[in-house]
Amino acid sequence: MTTTRHHSMAMTKIQFANTEDKQEFSKYPTKAGRRSLSRSISQSSTDSYSSAASYTDSSDDETSPRDKAQVNTQGSSDFCVKNIKQAEFGRREIEIAEQDMSALISLRKRAQGEKPLAGAKIVGCTHITAQTAVLIETLVALGAQCRWTACNIYSTQNEVAAALAETGVPVFAWKGESEDDFWWCIDRCVNREGWQANMILDDGGDLTHWVYKKYPSVFKKVRGIVEESVTGVHRLYQLSKAGKLCVPAMNVNDSVTKQKFDNLYCCRESILDGLKRTTDIMFGGKQVVVCGYGEVGKGCCTALKALGAIVCITEIDPICALQACMDGFRVVKLSEVIRQMDVVITCTGNKNVVTREQLDRMKNGCIVCNMGHSNTEIDVASLRSPELTWERVRSQVDHIIWPDGKRVVLLAEGRLLNLSCSTVPTFVLSITATTQALAVIELFNAPEGRYKQDVYLLPKKMDEYVASLHLPNFDAHLTELSDEQAKYMGLNKNGPFKPNYYRY
């Protein structure tokens, strides 16, 4: 979080390798009115998600967007973005993203005539990038009215937010928000006179939490919630367990297409991209420990092993540990191998996976980074101590220097490596966005009684439909069951082809 970062940095000796980095660091806004040291914001919202695809320098103008009077070409001022004049550039970004999101565009064309979301008033809180803009504009094309804000204070592409605002979508977001700005944007998104949301599309659960706490009457009238993140889904299950979830919710995070593509295949590519861009490391022969062998860990290990790295795993789950063994990886305790490691990667979603004691024992030049959901996995707070020196060597790369001269290379201050230091493939985001769009359509149009006040997984048929929409990208041709085969297997020829308990 920006505020915590400044507070803690003040107590730590900071050195900058060059003048440019010093100037960039000092550009962060410091208005007291925009700062709050409370820690109520969720980790998912404060994780760095700086999009490398965004070429806008958020610090060009230090005036807060909240203090600007801006109007789009339609005469509307119902938005708050960094600079509405960047809309044309943002439009080009969105058009580029559309090229690799053919499935979502296909869904838009197929359903546009029917307007399945006519009457839907969707309030959304996601990362605002060119790819999510394609999702938002698809929802609008299908008949929905949308108001949008960012789920992360670092992730917004300012030019894309401007492009959306220019087309008439009320957007309240900019890159580099303070915590106060973050909650102000959410409130402006929800609290509009004469407009009341009946659907929530969330990433992290902050929007849902805000509506539940501050606008309970609105929350009770919502027809459905669609949530895509681990954190947000966990919070929904907590509400459900406590009997406080009074609307149906769709858990998109655990849909097969989202899990496999967003977590496994995406991380298999982006782990290398993030490490190469920040450190220029050569992987052959390097000793790497990956903490966690879930979908993210599996993707990371596959990529690292393919480039010749010597990879070992830490795990708490015997099933995942056995999988790692069968895939040819040693399963170890971190404390046993920490002195020999060249690279340490966390991807567990837990806290204090790498402790200060382990950081003290690392060898000179060890690279430490996180691929998990939140920035709690590495105990970065313990490194904000007077005896250690922080040296910013390039964007998102810090050398932590011990009194004896040892250096540990910390990437993205322990936040998500791939989303902070590189980019995520548009094709992967197409799969997630298509899943979200179908979940919204399903919940909004479901007859009364189909979904009760609980958390549901995306129906298997829809998961298969999302996959089928993306097959043309590979010129893939599915084999069709004959009537005899379908009868023998007890299946419908058009699916679903697997039971709900099937493990892909």
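Are helix 6 and helix 18 roughly parallel or roughly perpendicular to each other?

Modeller: Keep in mind that this is a predicted model. Helix 6 and helix 18 are roughly parallel to each other, because their packing angle of about 30° falls under 35 degrees. Their axes lie 9 Å apart. The crossing of helix 6 and helix 18 is right-handed. Now look at who touches whom. Helix 6 brings Q131, L135 and L139 to the contact. Helix 18 brings T426, L429, A433, Q436 and A437. Sorted by class, the residues in the contact of helix 6 with helix 18 are five nonpolar, three polar and no charged.

Stay on helix 18, which covers residues 426-445. It also packs against helix 19, residues 460-470. Here the angle is about 140°, and the axes are 10 Å apart. On the helix 18 side, the residues are F427, S430, I431, T434, T435, L438 and E442. On the helix 19 side, they are M462, Y465, V466, L469 and H470. By class, the contact of helix 18 with helix 19 holds seven nonpolar residues, four polar and one charged.

Next, follow helix 19 itself. Its buried residues are K460, M462, D463, E464, V466, L469 and H470. Several elements cover them, including helix 5 (102-111), helix 12 (256-279) and helix 18. E464 leads us on, as one of the residues in contact with F497. Leaving aside neighbours within four places in sequence, F497 touches E464, L481, L491 and N492. Where is F497? F497 sits in the segment after helix 20 (483-489). Its relative accessibility is 36%, so F497 counts as partly exposed. F497 and A486 are eleven residues apart in sequence. In space, their C-alpha atoms are 9.7 Å apart.

Helix 7 runs over residues 158-166, and it is mostly covered: nine of its nine residues are buried. The buried residues are N158, E159, V160, A161, A162, A163, L164, A165 and E166. Just after helix 7 comes G168, with a positive phi of about 105°.

Last, check the cysteines. How many disulfides are there? The count is zero. A disulfide needs two cysteine sulfur atoms within 2.5 Å. For C312, the nearest cysteine sulfur belongs to C291, and it is 8.6 Å away. C421 is in no disulfide either; the nearest cysteine sulfur, that of C369, is 8.5 Å away. Are C312 and C421 buried or exposed? C312 has 3% relative accessibility, so it counts as buried. C421 has a relative accessible area of 10%, so it is buried.

To return to your part: helix 18 is roughly parallel to helix 6.

Definitions and conventions
Residues are numbered from 1 along each chain as its sequence is written. This is a predicted model: local features need pLDDT of at least 70, side-chain atom pairs count only at pLDDT 80 or more; totals for chains, interfaces and linings use all residues. Side-chain values use heavy atoms; hydrogens and water are left out. Buried means under 20% relative accessible area, exposed over 50%, partly exposed in between (1.4 Å probe, protein chains only). Axes are lines fitted to C-alpha atoms, for helices over the stretch in contact, and angles run from 0 to 180 degrees between N-to-C directions. Helices (H or I, at least four residues) and strands (E, at least two) are DSSP runs, numbered from the N terminus. Contact means heavy atoms within 4.5 Å. Ala, Val, Leu, Ile, Met, Phe, Trp, Tyr, Cys and Pro count as nonpolar, Asp, Glu, Lys and Arg as charged, and the others, Gly among them, as polar. Angles under 35 degrees count as roughly parallel, over 145 as roughly antiparallel, 65 to 115 as roughly perpendicular and the rest as oblique. A crossing is left-handed if the near helix is turned anticlockwise from the far one by less than a right angle, and right-handed if clockwise.
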